[in-house]
Amino acid sequence: MATEFIARGADLELVGIRKEFPGFTAIENLDLKIPAGEFFALLGPSGCGKTTTLRLVAGLEQPTVGQILIGGKDVTDTKAYQRPVNTVFQSYALFPHMTVLENVAFGLRQRKIDEPLVKAQQSLDLVELGHLANRRPAQLSGGQQQRVALARALVNRPSLLLLDEPLGALDLKLRRQMQIELKAIQMEVGLTFLHVTHDQEEAMDMADTVAVMNKGHIEQMGAPEKLYDRPKTVFVSKFLGQSNLFVGKAETPNAATIAIDVAGNKISVPKERAEKHTGTIAIGVRPEKAFFHEEKPNLGADHNLIGPGEIIDIRFTGVSNQYLIEIPNVGNVTVFAQNIGKSPVIELGAQVWVSWKVEHSFGLADLPEVAAEHEPVA
């Protein structure tokens, strides 16, 4: 990769942002700080406010209330073209009559920057497309066109790069390849990346920090692994993958765990992994952390055990078999069994018990019925 690009990312801070449109509020009291040089993903379903947030940072919209600071400088009232920001959109918006090199140099020429073609060539080298500088956009693949769009944004040396669903138009294989390349480029140039997406896998693959957005506010923010392992709300638990959720009244807790009774089944969660310790609570577990047994196992207090139930659906997804198990008075439970050449049970109608380690449980701050209106939108 080219080494001419010097790390100069700036931090981004949103303070008390509210954005109203006629008839609805898109963003409600949003506070956010992104450190310089970080790859940050804003993740959420359609209509959650993530693209509006990006447009506010870009200067394409003005907040109703609040401040936007880039590198400590208040840019709330600064015009879009005056901000140290560039945006890469899902639609590449390349000029078809220009060569790739001319496309990348276009913005530099408009601003009368010295040596636009030299700088454009350096930017193309950075995204490993220098050898295609003289081609037209129509002669490139989708992934190559996306990299040209990225080079065109990077050539302006922005302190902050905004990515608005940049990989949405690519097929699955190419999208995964571009995820790796985008992260490598971000680490190479040291810029601050704000990546807006509805694709959970994309956000978790690339970002240092993920903020899950819902109904105009951030539900939870943190490292991808932490969000997945310790979701705090029903929305986050279901938007980031799948979850089995169980609801019951908390029993008197012991020193280490909290337990609920669900149709005669005791389900426990470590105290430090629970958002609520009293009243009616929801305890969850990820499907890949659960196992099933053809006979009732003899497990200790460090395991949860429910059942028996009936396997009512089996789906093969390549990396795993996904089993749907109906347990009377409890509901349906999903278990992922890794595809390692054989599965414990393969027959529909088989009677099984489901278990998982207590340490893999998580306790939520809300209840499924309360959060039903916030179900993820496809």
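Predicted model: local features only at pLDDT ≥ 70, side-chain atom pairs only at ≥ 80, totals over all residues.
I started at G72, which I found in the loop between β4 (65-70) and β5 (73-74). For the labels, helices (H or I, at least four residues) and strands (E, at least two) are DSSP runs, numbered from the N terminus.

Residues are numbered from 1 along each chain as its sequence is written, and side-chain values use heavy atoms, with hydrogens and water left out.

Is G72 buried or exposed? I read 56% relative accessibility, so G72 counts as exposed. My cut-offs: buried is under 20% relative accessible area, exposed is over 50%, and partly exposed lies in between (1.4 Å probe, protein chains only).

Next I checked G72 against G284: they are 212 residues apart in sequence and 40 Å apart in space, C-alpha to C-alpha.

Then I turned to strand β14 (residues 280-285), which 2 bridges join to β20, the two running antiparallel. Two strands pair if DSSP finds at least two bridges between them. Here I283 stands opposite G363 in β20. I traced an open sheet of 3 strands in the order β11-β14-β20, with antiparallel pairing. Its edge strands are β11 (244-249) and β20 (362-363), each pairing on one side only.

Last, I looked up Q146, in helix α4 (residues 142-154). Q146 is buried, because its relative accessible area is 2%. Which residues does Q146 contact, leaving aside neighbours within four places in sequence? I listed V88, F89, Y92, P166, L167 and M178, with contact meaning heavy atoms within 4.5 Å.
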